[in-house]
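Thanks for coming. Please have a look at the model first.

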Amino acid sequence: MVSVPAIKSPMSLDFETSVFKKDKISLAGHDEYIVKGGRNLFPLLPDAFKGIKQIGVMGWGSQGPAQAQNLRDSLAETKSDIVVKIGLRKGSHSFAEARAAGFTEENGTLGDIWETVSGSDLVLLLISDSAQADNYEKVFSHMKPSSILGLSHGFLLGHLQSVGLDFPKNISVIAVCPKGMGPSVRRLYVQGKEINGAGINSSFAVHQDVDGRATDVALGWSVALGSPFTFATTLEQEYKSDIFGERGILLGAVHGMVETLFRRYTEHGMDEDLAYKNTVECITGIISKTISTQGMLALYNSLSKDGKKEFEAAYSASYYPCMDILYECYEDVASGSEIRSVVLAGRRFYEKDGLPAFPMGKIDQTRMWKVGERVRAKRPAGDLGPLYPFTAGVYAALMMAQIEVLRKKGHSYSEIINESVIEAVDSLNPFMHARGVSFMVDNCSTTARLGSRKWAPRLDYILTQQAFVAIDNHAPINHDLISNFLSDPVHEAIEVCARLRPTVDISVTADADFVRPELRQASN
């Protein structure tokens, strides 16, 4: 007998702002507070950024280019004289990319990383997580007293906790964390110039506030990025949910899932092209579109009677194997083990101790992804692919298992839904739809890319060894589990969030020019 899930009350995350309007929403019976975004709020940015003359953006990876350009463009609309300056290490190949985006040494918007840190009132530390772990002491030493450190990920806090340290007490520490990769943040912002409010949702956190400005600065930062809505979290809750989520349904687990499903379908005699359509195209197309606009229950209800039986069999067999891996992953993140793994992996990118360098390898060279190239080359424009009930059941099981782990760990519904649903279907899956798994994973941060490669095989293995074996052995459907799925309060919460969703879908083409430079190529 599976009991109805007990809901752990999330921590209170109320906040006060003197600049922006705070709205209360009810998600599954819990009151939460958000700030709705929109370009109509840009005139409030000078008040939010009071006392800030220069915003320094450190790094030019996944988030750096997007956030720097969005901030610059939003402030320009208000005719603000705040300077957005890029800081890079000497000799970095990214200088050319930054110049191409309009940042130059001549106009004072591009320079050395340490000079930029020293001269900035708000320092956005957007270098890779492993680089943060290796350079945080130098960053702290260069920051001005009472300046503000801005993070887009709580990784650094997790690292500092693991070594028994904390941030300096003479600076404020805030975070604004877009729920999507940098290229999505920029792409939807540009699309949003035509429709007010298009963008990527963000969470924000105030970890330290030395002078009372931190909340309004964080909210201003989020609004300037184009976030449709901004919700509160803590730096600790953010890194736990974010690092976990990208190893789960956002990147790693969905990669492992489609790999094992493709093998299963082809081994059972399905044509390769159809197997790809019934795995990747099914998830990135019709499943994502339905969940994004109508929710998971609409996905289930759109199936025929026989389709629902197939969905239920897949869901029942996959839910607990998925939760097994996700539970382990969350605890590895919370304990600091996964953070330590990222730091060590970053150091293995270079030769040391007489051993060779091991950079990240490719993840889209197998037969499945070559089939995908062929399928996409023949795909009609706007085709969302077939709705295959078995794939839908496994995907929903993975999504619900991730939701439940985060819920049991006390995360807010805003965080749970953004990290398990919205970011997957609205921000990330469209990239896999456009050009395969590497185009999705490798446009993300180094931490996300490493985690995806590490955990995808784990989900692949457990579904193959446990879930599919149970199905082949005709294990009975766990009807209590299905009943809980159909009555789960998260569905109501997802509907509320869907009503806050912009009307714009992200436009991602195979030859997109807003992605990482190394991934810019005209390809199917």
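I start with a crossing: helix H10 and helix H16 cross in a right-handed way. Right-handed here means that the near helix is turned clockwise from the far one by less than a right angle, and left-handed means anticlockwise. Before going on, the ground rules: this is a predicted model, where local features need pLDDT of at least 70, side-chain atom pairs count only at pLDDT 80 or more, and totals for chains, interfaces and linings use all residues. Residues are numbered from 1 along each chain as its sequence is written, and side-chain values use heavy atoms, with hydrogens and water left out.

Back to the pair. H10 covers residues 252-267 and H16 covers residues 389-408; their axes come within 11 Å and cross at roughly 155°. That angle makes H10 roughly antiparallel to H16. The cut-offs are under 35 degrees for roughly parallel, over 145 for roughly antiparallel, 65 to 115 for roughly perpendicular, and oblique for the rest. Axes are lines fitted to C-alpha atoms, for helices over the stretch in contact, and angles run from 0 to 180 degrees between N-to-C directions. Helices (H or I, at least four residues) and strands (E, at least two) are DSSP runs, numbered from the N terminus.

Which residues of H10 and H16 meet? From H10 they are Ala 253, Val 254, Met 257, Leu 261, Arg 264 and Tyr 265, and from H16 they are Phe 390, Thr 391, Val 394, Tyr 395 and Leu 398. Contact means heavy atoms within 4.5 Å. By class, that contact has nine nonpolar, one polar and one charged residues.

Next, the cysteines. How many disulfides are there? Taking a disulfide as a pair of cysteine sulfur atoms within 2.5 Å, the count is zero. For Cys 177, the nearest cysteine sulfur is that of Cys 444, 14 Å away. The sulfur of Cys 329 has its closest cysteine sulfur in Cys 322, at 13 Å, which is too far for a bond.

Are Cys 177 and Cys 329 buried or exposed? Cys 177 is buried at 1% relative accessibility, and Cys 329 is buried with a relative accessible area of 1%. Buried means under 20%, exposed over 50%, and partly exposed in between (1.4 Å probe, protein chains only).

Last, backbone angles. Most residues other than glycine have a negative phi. Lys 79 has a positive phi of about 60°. Lys 79 sits in the loop between helix H2 (63-77) and strand S4 (83-88), and is exposed at 75% relative accessible area. His 474 also has a positive phi of about 60°. His 474 belongs to the loop between helix H19 (446-472) and helix H20 (479-487), and counts as exposed at 70%.

Terms used:
Nonpolar A, V, L, I, M, F, W, Y, C, P; charged D, E, K, R; others polar.
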